[in-house]
Amino acid sequence: MEAGAAPVSTGSKTIADLCGRAAAQFADRVAVKHKVDGAWQDVTFGEVGAIVTEIGLGLLDLGVAHGERVAILCQT
C-alpha cells in the first residue's frame, strides 16, 4: 500500500468469505509472490481465488461434507 493511502476492505465478516470477496474485488492485484527457479512470480487475488475454489471442489469430490473440518499443511 502506498504511504498515505486509505486502507481498502473487502467487507468480509469471516475468514471463510475473505478469499472469495478479495478475489472478486481485487482480481488483478498481486496477492502473494513466490519463487520459481530462483525468480519471483506474482500471483493475483483472482488466481488465489481460483486455486482455493479448485481445492474446495476437490475436497468435496473426495467426500468431505459441509461442517466437517480438514487441515491443510503447507510451507507458508
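Me: How far is the sulfur of Cys-19 from the closest cysteine sulfur?
Reply: This is a predicted model, in which local features need pLDDT of at least 70 and side-chain atom pairs count only at pLDDT 80 or more, while totals for chains, interfaces and linings use all residues. Residues are numbered from 1 along each chain as its sequence is written, and side-chain values use heavy atoms, with hydrogens and water left out. A disulfide requires a pair of cysteine sulfur atoms within 2.5 Å. The closest cysteine sulfur to that of Cys-19 belongs to Cys-74, and it is too far for a bond, at 13 Å.

Me: How many disulfides does the structure hold?
Reply: The sulfur of Cys-74 has its closest cysteine sulfur in Cys-19, too far for a bond. The count of disulfides in the structure is therefore 0.

Me: Is Cys-74 buried or exposed?
Reply: A residue is buried under 20% relative accessible area, exposed over 50% and partly exposed in between (1.4 Å probe, protein chains only). Cys-19 has a relative accessible area of 24%, so it is partly exposed. Cys-74 stands at 54%, and therefore counts as exposed.

Me: Which residue meets Arg-21 in a salt bridge?
Reply: Side chains of opposite charge can pair when their charged atoms come close. A salt bridge places a side-chain nitrogen of Lys or Arg within 4 Å of a carboxyl oxygen of Asp or Glu. The N to O distance is 2.9 Å, and the partner is Asp-17.

Me: Which residue meets Lys-33 in a salt bridge?
Reply: The count comes to 2 salt bridges. In the one that involves Lys-33, N and O are 2.9 Å apart, and the partner is Asp-42.

Me: Where is Asp-37 found?
Reply: Most residues other than glycine have a negative phi. Asp-37, which is not glycine, has a positive phi near 50°. At 82% relative accessibility, Asp-37 counts as exposed. Its place is the loop between strand 1 (30–36) and strand 2 (39–44).

Me: With which side chain does the side chain of Thr-10 make a polar contact?
Reply: Thr-10 is found in the segment before helix 1 (15–25), and because its relative accessibility is 15%, it counts as buried. A polar contact is a pair of N or O atoms within 3.5 Å; within protein, one must be able to donate a hydrogen and the other to accept it, and residues adjacent in sequence count only if both atoms are side-chain atoms. For the side chain of Thr-10 the distance is 2.6 Å, and the partner is the side chain of Ser-12.

Me: Which residues are in contact with Ala-23, leaving aside its neighbours within four places in sequence?
Reply: Ala-23 lies in helix 1, and it counts as buried because its relative accessibility is 15%. Contact means heavy atoms within 4.5 Å. With those neighbours left aside, the residues in contact with Ala-23 are Phe-45, Gly-46 and Gly-49.

Key:
Helices (H or I, at least four residues) and strands (E, at least two) are DSSP runs, numbered from the N terminus.
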